[in-house]
Amino acid sequence: GARTEEFFEELDPRGIGASLGQVHRGILRGGEAVAVKVRYPGIERALDAELRLAGWLPSAGPVRRWGFDLGTYHRLLRRELGREIDYLAEGERQERFRLALAGDVIVVPRIHPELCRRDLLVQSWEGGETIAEAATWSLAERLRLGQAALRLLTRSIFVSGELHADPHPGNYRFRGGTRPQLVLYDF
């Protein structure tokens, strides 16, 4: 409910589209660059309407023959989509993941919980190159990035017990050089 000027020196009005919201680059009053993820207005109503439509999926034919439990499927889908639009919960998951896995190779943005709300997530701005740009790097740099990705997978399973479950190119950035880093977004 506060004015953005109370917390931000700058907030870019142009956003980068995300699945259920938009991400804006900002500068906090103290000078730190941040990513500000804002949930689209009305997205909860839109998701609710979509889920009601999903309730119309046929419960006959192969679904019945395979013994697929659509009721449980619908409840699970509703629960998980509810988690997806709750940015406070996302921030908590991200911070747990960051504390468990972040280090010299894996970079997870730091959350600013004092600025977060259910429909707003503020985190450190962690830049890097896209996967297309990283694909042009030297073989040695690309091999180090491959090792970083493998380290992410094994540490996710064996250290945190959680996986980054939205592995599309927009959720990764790469930093090259002699000590390459893998930057993760969207938890």
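Glu 95 and Arg 98 lie 3 residues apart in helix H4 (residues 87-101), so about one helical turn separates them. Helices here are DSSP runs of H or I with at least four residues, strands are runs of E with at least two, and both are numbered from the N terminus. The side chains of Glu 95 and Arg 98 form a salt bridge at 2.5 Å, N to O. The term denotes a side-chain nitrogen of Lys or Arg within 4 Å of a carboxyl oxygen of Asp or Glu.

The model is predicted: local features need pLDDT of at least 70 and side-chain atom pairs count only at pLDDT 80 or more, while totals for chains, interfaces and linings use all residues. Residues are numbered from 1 along each chain as its sequence is written, and side-chain values use heavy atoms, with hydrogens and water left out.

The count of salt bridges comes to 11. Among them are the following pairs.

| Pair | N to O distance |
|---|---|
| Asp 12 and Arg 14 | 3.1 Å |
| Glu 44 and Arg 118 | 3.0 Å |
| Glu 95 and Arg 98 | 2.5 Å |

The pair of Glu 44 and Arg 118 links distant parts of the chain, 74 residues apart: Glu 44 belongs to helix H1 (residues 43-54), and Arg 118 to the loop between strand S5 (106-107) and strand S6 (120-124). Glu 44 is partly exposed at 39% relative accessibility, and Arg 118 is partly exposed at 35%. Partly exposed lies between buried (under 20% relative accessible area) and exposed (over 50%), using a 1.4 Å probe and protein chains only. Both residues belong to a network of salt bridges that links Arg 39, Glu 44, Asp 86 and Arg 118.

In the remaining pair of the table, Asp 12 is partly exposed at 23% relative accessibility, whereas Arg 14 is exposed at 64%.
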